[in-house]
Amino acid sequence: MRIIVTGTQGQLVTALRERATDAAEIVALGRPLLDLLNRDGLRAALFDARGDVIVNAAAYTAVDKAEQEEELAFRVNGEGAGHVAEAAAELGVPLIHFSTDYVFDGSAPRPYREDDATAPLGAYGRSKLEGERRVAALCPNSVILRTAWVYSPFGVNFVRTMLRLGETREEVGVVADQLGNPTSALDLADAALAVAARLRQDGAPQLRGVFHMTGAGEACWADVAEAIFARATEHGRRAVRVRRIATADFPTPARRPANSRLDNAELSHVYCVALPDWRRSLAACVDRLLAGPTDRGA
Ligand SMILES: NC(=O)C1=CN([C@@H]2O[C@H](COP(=O)(O)OP(=O)(O)OC[C@H]3O[C@@H](n4cnc5c(N)ncnc54)[C@H](O)[C@@H]3O)[C@@H](O)[C@H]2O)C=CC1
């Protein structure tokens with residue numbers, strides 16, 4: 001199976017490359033060859049690549065900056081996703097598109113299900129929701145995977161940021177009133193590869209549509225930080241205290257949902273796919289970052 005992935009540098013595409021087995025060849029296409037802002041170039045690249053499945057893993061992901069650059073975020077995450085969907089439909093290949101918990105406003109008292117009402121709080125969430133709409137409209141042979149709180153040994157993410165802060169600080173203030181599901185990009189890649197294989201073999205309509213895909217178990221950001229620092233001490237790092245703060249004490253340009261939890265029951269029921277518990281995968285990520293040479297820059 002030849003899987004064409006948009007983007008070459010992101011957490012998810014890097015994880016897909018690492019986790020691909022012999023049964024799946026990953027062809028990652030990024031800028032300048034494939035730019036979500038350039039419909040014609042993108043189409044030419046996807047048509048040339050001749051894949052069995054397309055995965056749209058590229059996106060404008062700067063959540064706070066998007067508040068100042070909403071038009072750009074829409075062009076990349078809305079229109080760009082639409083261009084990929086249009087090309088996949090014309091090529092007749094299934095599309096896996098990634099979306100986000102930020103399509104919800106976080107007011108629900110329980111984990112969100114796929115058919116719950118969307119109401120993004122910020123520009124990034126609005127742009128991703130527009131992408132979902134375009135993908136669903138232009139490419140019915142598609143799966144939209146909403147994920148959340150993604151971390152990995154690569155790129156910019158919470159785990160790497162905490163480990164960097166922990167090098168110089170004895171205490172770090174971390175918000176404790178946002179709940180979500182920490183998700184390892186490597187687990188996400190394994191699950192997405194399983195979905196890709198099913199989509200390729202089976203045209204059943206129930207395999208298409210929106211699915212939630214996050215790590216098992218829930219946490220607030222302060223819980224995640226505590227788990228990171230606890231694991232880091234096992235690698236000889238000195239202990240770092242986590243001061244549990246409120247979102248109101250850590251203002252950011254974009255508002256975040258207080259409840260980001262996604263219910264994965266549908267994915268488990270339809271695909272028999274479930275991601276491991278976040279604590280186990282997080283420990284493995286910290287082990288990897290602290291055991292070997294690291295790619296600094298988070
Ligand atoms: N990182 C997270 O916590 C979450 C991510 N997601 C979604 O998961 C997917 C993967 O996210 P990550 O790998 O973490 O993102 P990332 O920020 O690590 O990587 C994004 C990739 O998109 C590429 N890109 C940006 N603009 C582009 C353009 N105009 N043309 C071509 N490529 C472009 C970047 O170069 C980069 O390779 C995205 O759809 C994101 O919206 C959803 C929820 C949470």
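User: Is Trp-149 buried or exposed, and how many other C-beta atoms lie within 10 Å?

Analyst: This is a predicted model. A residue counts as buried when 20 or more other C-beta atoms lie within 10 Å of its own. Trp-149 has 24 of them, so Trp-149 is buried. Trp-149 is found in the loop between strand 5 (142-147) and strand 6 (150-151).

User: What is the phi of Trp-149?

Analyst: Most residues other than glycine have a negative phi. Trp-149 has a positive one, near 45 degrees. Cys-272 is another non-glycine residue with a positive phi, about 55 degrees.

User: Where does Cys-272 lie, and is Cys-272 buried or exposed?

Analyst: Cys-272 sits in the loop between helix 8 (265-271) and helix 9 (278-291). A residue with 12 or fewer C-beta neighbours is exposed. Cys-272 has 9 inside 10 Å, so Cys-272 counts as exposed.

User: Which peptide bond is cis, the one from Arg-31 to which residue?

Analyst: Most peptide bonds are trans. The bond from Arg-31 to Pro-32 is cis, with omega near 5 degrees. Pro-32 belongs to the loop between strand 2 and helix 2 (39-49).

User: How do I read the pairing of strands? In which sense do strand 1 and strand 3 pair, and over how many bridges?

Analyst: Look at the direction of the two strands and at the bridges between them. Strand 1 (residues 2-6) and strand 3 pair in the parallel sense, over three bridges. Ile-4 stands opposite Ile-54 in strand 3. Strand 1 also runs parallel to strand 2 (residues 25-29), with five bridges joining them. There, Val-5 has Ala-28 of strand 2 as its bridge partner.

User: How many bridges join strand 3 to strand 4?

Analyst: Three bridges join strand 3 to strand 4 (residues 95-100), and these two strands run parallel. Asn-56 is bridged to His-97 in strand 4. Between strand 3 and strand 4 the chain passes through helix 3 (residues 70-91), in a right-handed β-α-β crossover. Strand 1, helix 1 and strand 2 form a right-handed β-α-β unit as well.

User: Which way do the residues of strand 3 point?

Analyst: Follow the side chains along the strand. In strand 3 (residues 53-56), Val-53 and Val-55 point one way, while Ile-54 and Asn-56 point the other way. All four of these residues are buried.

User: Which residues touch the most other members of the largest nonpolar core?

Analyst: That core has 86 residues, and those with the most contacts to other members are Val-55, Ala-192 and Ile-228. Helix 6 (residues 185-201) supplies the largest share of this core, 10 residues. Leaving out residues up to four places away in sequence, Ile-228 touches Val-159, Met-162, Leu-163, Leu-282 and Val-286.

Notes
Residues numbered from 1 in each chain as written. Predicted model: local features only at pLDDT ≥ 70, side-chain atom pairs only at ≥ 80, totals over all residues. Helix = DSSP H or I, 4+ residues; strand = E, 2+ residues; numbered from the N terminus. Pairing = 2+ DSSP bridges. Right-handed = clockwise from strand over helix to strand, strands pointing away. Core = buried A, V, L, I, M, F, W, Y, C linked by C-beta atoms within 7 Å. Contact = placed C-beta atoms within 7 Å.
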